[in-house]
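User: I am new to reading protein models. Can you take me through one, feature by feature?

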Amino acid sequence: MKSDSFIQSILLVEDNPVDLDLTLRAFAKHKLTNPVLVARDGEEALAWIPRWEAGEMLPTVILLDLKLPRVDGLEVLRQLKAHPQLCVIPVVVLTSSNESSDMQTAYQLGANSYIVKPVNFDKFMEVAAEIELYWAVLNEPLS
């Protein structure tokens, strides 16, 4: 575990209630200590930008679905990675889309990882545990 006196949050951007529930359950099962903030569409995700600009602590990672209402995930990624302060936040695309064009565009826009959501519940739990282990425990964020 990190020795910092603060624990950074994870921003989960997910509109599907089933996938949202699965992700939160997987994190709870693996005793994730990072608080999980939820944005249920791209507009809610982008609404965090002024808060971070005003000094709220940046999340340790953003888990971003691509197929979102109001503002799609690729546009959210584009805006985050174009922002001089926020471009350092790791963004993991966690999506059901295995379209090569989505993957290519996400990486071109600066995604740090691209994970296709497993359909199988147990596999989904494994993926969530690995995301948490790598991005919330092992990875050293830029301070």
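User: Start with one residue. Is aspartate 21 buried, exposed or partly exposed?

Analyst: Buried means under 20% relative accessible area, exposed means over 50%, and partly exposed is in between (1.4 Å probe, protein chains only). Aspartate 21 is partly exposed, because its relative accessible area is 39%. Aspartate 21 sits in helix α1, residues 17-29. Helices (H or I, at least four residues) and strands (E, at least two) are DSSP runs, numbered from the N terminus.

User: What kind of model is this, and how are its values taken?

Analyst: It is a predicted model: local features need pLDDT of at least 70, side-chain atom pairs count only at pLDDT 80 or more, and totals for chains, interfaces and linings use all residues. Residues are numbered from 1 along each chain as its sequence is written, and side-chain values use heavy atoms, with hydrogens and water left out.

User: Where does pLDDT stay under 50?

Analyst: pLDDT is the predictor's confidence in each residue, from 0 to 100. Here the protein's mean is 88, and 91% of its residues reach 70 or more. Residues 1-5 stay under 50. The model has eight contacts for them beyond four places in sequence. Contact means heavy atoms within 4.5 Å. Where pLDDT is low, the predicted coordinates should not be read in detail.

User: Now the strands. Which strands pair with β3?

Analyst: Two strands pair if DSSP finds at least two bridges between them. β1 and β3 run parallel, joined by four bridges. β3 and β4 are also parallel, over three bridges.

User: What do β3, α4 and β4 make?

Analyst: A crossover is right-handed if, with the strands pointing away from the viewer, the path from the first strand over the helix to the second runs clockwise. β3, α4 and β4 make a right-handed β-α-β unit. β3 is covered on both faces. Val61 and Leu63 are buried on one side, Ile62 and Leu64 on the other.

User: How many residues does the largest nonpolar core have?

Analyst: A nonpolar core is a set of buried Ala, Val, Leu, Ile, Met, Phe, Trp, Tyr and Cys residues joined through side-chain atoms within 4.5 Å. The largest has 25 residues. Val13, Trp52, Ile62, Leu64 and Leu80 have the most contacts inside it. α4 gives the largest share, four residues. Another core lies apart from it, with 16 residues, among them Ala26 and Trp135.

User: Which residue meets lysine 117 in a salt bridge at 2.5 Å?

Analyst: Side chains of opposite charge can pair when their charged atoms come close. A salt bridge is a side-chain nitrogen of Lys or Arg within 4 Å of a carboxyl oxygen of Asp or Glu. The whole structure has 10. Lysine 117 meets glutamate 14 at 2.5 Å, N to O. Lysine 117 lies in the loop between β5 and α6, and glutamate 14 in the loop between β1 and α1, so the pair ties together parts 103 residues apart in sequence. Lysine 117 also meets aspartate 65, at 3.8 Å. Glu14, Asp19, Asp65 and Lys117 are linked in a network of salt bridges.

User: Are lysine 117 and glutamate 14 buried or exposed?

Analyst: Lysine 117 is buried, because its relative accessible area is 10%. Glutamate 14 is buried too, at 2%. Now take glutamate 126 and lysine 123, which meet in a salt bridge at 3.9 Å. Both lie in helix α6, three residues apart, about one turn of the helix. Glutamate 126 is partly exposed at 41%, and lysine 123 is partly exposed at 45%.
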